[in-house]
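Please load the model in the viewer and keep a selection panel at hand.

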Amino acid sequence: MNKRIVVIGANAAGAKAAAKARRTDSRAEIVVLDRGNFISYGACGIPYYLSDMVKDLNELMSTPVGVVRDRNFFSKVKGVSVRTGTEVTGIDRQRKVIRLREGDGAESELPYDTLVLATGSSPLVPPLENVSLRNIFTVKSIEDAELLKEKAVPGAVACIIGAGLIGLETAEALRGKGMQVTLVEMRDQLLPGVLDPEVASVVEKQLKLQGVTVLTGCAVTGFAGEGRVRQVIAGGHEIAADLVVLAPGVRPNVALAREAGLAIGVTGAIAVDERQTTSDPDIYACGDCCETTHLVTGKKVFIPLGSTANKQGRVAGINAAGGVATFAGVVGTSILKVFNVNAGKTGLTESEARALGLDVETVLSPAPDRAHFYPGAKPILLKLVAERGTGRFLGLQAAGEGAVDKRLDAAAAAITFRASVEQLSQLDLAYAPPYSAAMDNLIVAADIMKNKLAGHARGISAREVKRKLDDGDDFILLDVRSPAEHGEIGIAGAKLIPLGALRERLEELPRDKEIVAFCKVSLRGYEAQKILDAAGFGDVKFMDGGIMAWPYRLRDQ
């Protein structure tokens, strides 16, 4: 008798598991169940459907050649039976059957030989006052997208709660529809957990430039309105809103697994091994409902992404059909586009690394994304994180109008294979002026890190410089740019000595004070540190990233 493989959940992970199971076992009976009506759609494309960049909803549910992945497609092309509008109400592991409830209320049972859980995740809906008012939406499903799109009309006022990936992408989509948009985040920066503050500030500046009101460090306590939402109450503010989008994050759908007695991991998602096997050897889990391993820390993490869901679904499908495959884990790579800025990370941020007790060094390196003389060159800011002592490359963050994706991808590969900063600096990356400078941004950042780890370069962050200025510390902030650059824009209180004149004007600088040099990107700042070191000055540093990485108000603003 042929094996019966049952998959619960028909989107990214579940659809991939079913398709791969079929290719692994051509004779198996494969049944996919989903309580919704839409299957195998690209949920990550919902913000682009909201903005009308994607015109037809079917585009989110089609193959690259335009064939819609519906029940008929799976039946005819994949030989997989898909049943929508069917809710799984329980799993009897001893009898190896699942209990079902159809849309008309009819109940039945379905036996399985192997079972794949791809139950996904659900948007977090915080227990706030009046959260059930009309026009308060989440953004996770096609149904969500259709409801929200109907209300997203030009001139309306929207408030988005949560400044993560979905919150920011939705802000762009609604702003593009001609709406007034306010973004509210309870933590003190955008993209918490994705970017460190100085990189996140690049994204925040872009949002404000595009007319989005940004409120950070602002906790929402409730909503006001009669029948439908009219105001968001947050941090003492009463924010007018015709509609609200809740985007504080998602949680894994684990109720079925928990009720069946399957192990739940430390993250709150389903525990699985590298074969995507749960605590029951005949049940697999994949996608947003399960946890995975972070390859840098070795710890279990819950990082729900469509890319990970597809890879895990492939592995689960192979194993459920009797094959052998493994999924080692992730390095936490993510990326987004917000208006004209691209931003993302891979590996650990500085905040994450320090929270783990790691002794780290960081580099901020701003530069054009290609040869500066080539038309279309655009700025990007890289932040590199490495471990002191070992020199191990731990993480990269990137933000700017230029190409950050290829730097993140190269870094993700290097981190996966446990590269050192020295190895990173020697990567043979593709070079031609339309694509990068002769020394790619990633290589430059790695070389700066090598100098720091070796003690040749002594950097100080913009945040620390700002703290010193605010606290009235007795130090010299030394601007080594040209007089024209200094006059155009700068940091209040800085002393100007152009780099070319520094050797002749050493007597203007006190030898008993700390000196922090900077320029546009701090290449000249580093040169100034070396000149002053050679001249016998005892406490000289340069400011990481220079003016381009300064996240605060500048002198002429």
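Helices (H or I, at least four residues) and strands (E, at least two) are DSSP runs, numbered from the N terminus. Two strands pair if DSSP finds at least two bridges between them. The model is a predicted one, in which local features need pLDDT of at least 70 and side-chain atom pairs count only at pLDDT 80 or more, while totals for chains, interfaces and linings use all residues. Residues are numbered from 1 along each chain as its sequence is written, and side-chain values use heavy atoms, with hydrogens and water left out.

**First stop: a hairpin and its sheet**

Select residues 379-387 and 393-400, which are strands β24 and β25; the two run antiparallel and are joined by 7 bridges. Within this pair, Val385 has Gly395 as its bridge partner in β25, and Ala386 has Phe393. The two strands form a hairpin with 5 residues between them, and Gly389 in the turn has a positive phi of about 90°.

**Second stop: a buried histidine**

Select His294, in the loop between β19 (292-293) and β20 (300-301). His294 has a relative accessible area of 6%, and therefore counts as buried. Beyond its neighbours within four places in sequence, His294 is in contact (heavy atoms within 4.5 Å) with residues including Lys299, Val301, Ile303, Gly347 and Leu348.

The structure holds 1 cavity of 30 Å³ or more. On a 1 Å grid over the protein atoms alone, a cavity is a set of points where a 1.4 Å probe fits but cannot get out, and lining residues have an atom within 4 Å of a point. The largest cavity contains about 60 Å³ of space. To find it, select Gly287, Cys290, Ile303, Thr308 and Gln312, the closest to its centre of the 13 lining residues. Helix α8 (residues 306-320) gives the most to this lining, with 3 residues.

Select Asn253, in the loop between β17 (250-252) and α7 (255-259). Asn253 counts as buried, at 18% relative accessibility. Its C-alpha atom is separated by 6.5 Å from that of Ser122, 131 residues apart along the chain. Not counting residues up to four places away in sequence, Asn253 touches Arg35, Thr119, Gly120, Ser121, Ser122 and Cys289.

**Last stop: another hairpin**

Select residues 97-102 and 107-111, strands β5 and β6, which run antiparallel and are joined by 5 bridges. Leu100 stands opposite Ser108 in β6. This hairpin has 4 residues between the strands, and Gly105 takes a positive phi near 95°.

Notes
1 Å grid on protein atoms, 1.4 Å probe; cavity = no way out; pocket = protein on both sides within 12 Å on 5 of 7 lines; lining within 4 Å. Points joined across faces, edges and corners; volume = space filled by probe spheres on them. Buried < 20%, exposed > 50% of the residue type's maximum accessible area, 1.4 Å probe, protein only.
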